[in-house]
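Hi everyone, thanks for coming. Please have a look at the structure on the screen, and then I'll walk you through a few of its features.

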Amino acid sequence: MTDTNNYALADAAHDSELARLRTIEADWDAKTRRHLQDLGVGPGQRCLEVGAGAGGAARWLSGQVGPGGKVVATDIDPRFLADLKADNVEVRRHDIAVDPLETDSYDLVHCRVLLIHMRDPAAVLQRMFAALRPGGAFLFEETTGRAGSGVPGWSGAAAFDRAEARYLAMLAAIGVRMTFGAHLPSLLLGLGAVDVGAEETAHLLRPGPQVALRLATVRALRNQAVASGSFTAAEIDEYCALLADPDLVAVNSPLISVWGRRP
């Protein structure tokens with residue numbers, strides 16, 4: 001790790017972090033693929049997948065661009081990309097904030113839940129935009145930072161709302177910019193992007209993959225949460241109990257997908 005990002009889970013155990021990344025993929029890959037298809041990703045293209053995680057999007061892109069294309073899958077910690085061995089995929093250990101990156105080179109650039117961990121996310125966004133060739137397309141997907149909310153009728157709704165507010169405060173305290181996604185459209189328009197569009201999606205938080213992801217994240221950040229003063233140990237336990245409630249019905253924090261092209 002360098003000091004150019006705030007990736008709070010950098011020291012997570014291999015198995016738990018891999019499970020967390022795969023839960024993110026299971027939850028969001030279908031949405032990501034739909035937007036990438038709408039952008040016209042296809043044979044022969046050169047694509048950049050930044051913060052490739054467990055490789056789900058990179059694997060799919062590999063199939064779309066075919067043998068005549070190429071996918072460069074980068075991550076500051078590529079330990080979960082070891083099995084990504086397609087001939088048209090290059091796995092690159094890379095810190096997007098500081099390491100050299102080609103300019104005017106890619107037909108498509110994508111990242112998901114990456115910029116919220118950067119100390120200077122706007123500068124990183126500009127670097128990724130500059131990596132596009134003229135006419136190239138981008139898809140950037142980040143959280144907008146509004147807290148989830150319990151659905152009325154669930155007995156834990158009020159306590160969940162309080163815990164969610166503390167959760168976002170804790171993430172802000174440790175440097176995770178959960179609201180950054182809300183700034184993506186204006187920043188990209190400021191860079192000169194054209195054909196810009198956006199879609200914000202929030203899923204119901206019910207027992208299943210979403211809850212598993214949140215529980216894994218909260219448990220992994222337990223010590224940081226208490227150290228930041230956002231939670232007491234007892235409040236963390238209460239939050240985990242609410243998330244594990246089989247009757248849980250809540251609305252999760254939303255993710256915004258922003259797409260467009262470099263002129």
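Let's start with R92, which forms a salt bridge with E90, the closest N and O atoms being 3.0 Å apart. By salt bridge I mean a side-chain nitrogen of Lys or Arg within 4 Å of a carboxyl oxygen of Asp or Glu. Side chains of opposite charge can pair when their charged atoms come close.

A quick word on where this comes from: it is a predicted model, local features need pLDDT of at least 70, side-chain atom pairs count only at pLDDT 80 or more, and totals for chains, interfaces and linings use all residues. Residues are numbered from 1 along each chain as its sequence is written, and side-chain values use heavy atoms, with hydrogens and water left out.

Now, is R92 buried or exposed? R92 is buried, at 15% relative accessible area. Here buried means under 20% relative accessible area, exposed means over 50%, and partly exposed is in between, using a 1.4 Å probe and protein chains only.

R92 also has a salt bridge with E102, where the closest N and O atoms are 3.2 Å apart. E102 sits in the loop between β3 and β4 (106–112) while R92 is in strand β3, so this pair ties together parts that are 10 residues apart in sequence. The strands, and the helices I'll come to, are DSSP runs numbered from the N terminus: H or I with at least four residues for helices, E with at least two for strands. E102 itself is partly exposed, at 24%.

Back to E90: its side chain also meets that of K70 in a salt bridge, 3.0 Å from N to O. That pair links distant parts of the chain, with E90 in strand β3 (residues 89–93) and K70 in strand β2 (residues 70–75), 20 residues apart. E90 is partly exposed at 26%, and K70 is partly exposed at 29%.

Which residues make up the network of salt bridges here? They are R46, K70, E90, R92 and E102. Across the whole structure, the search finds 15 salt bridges.
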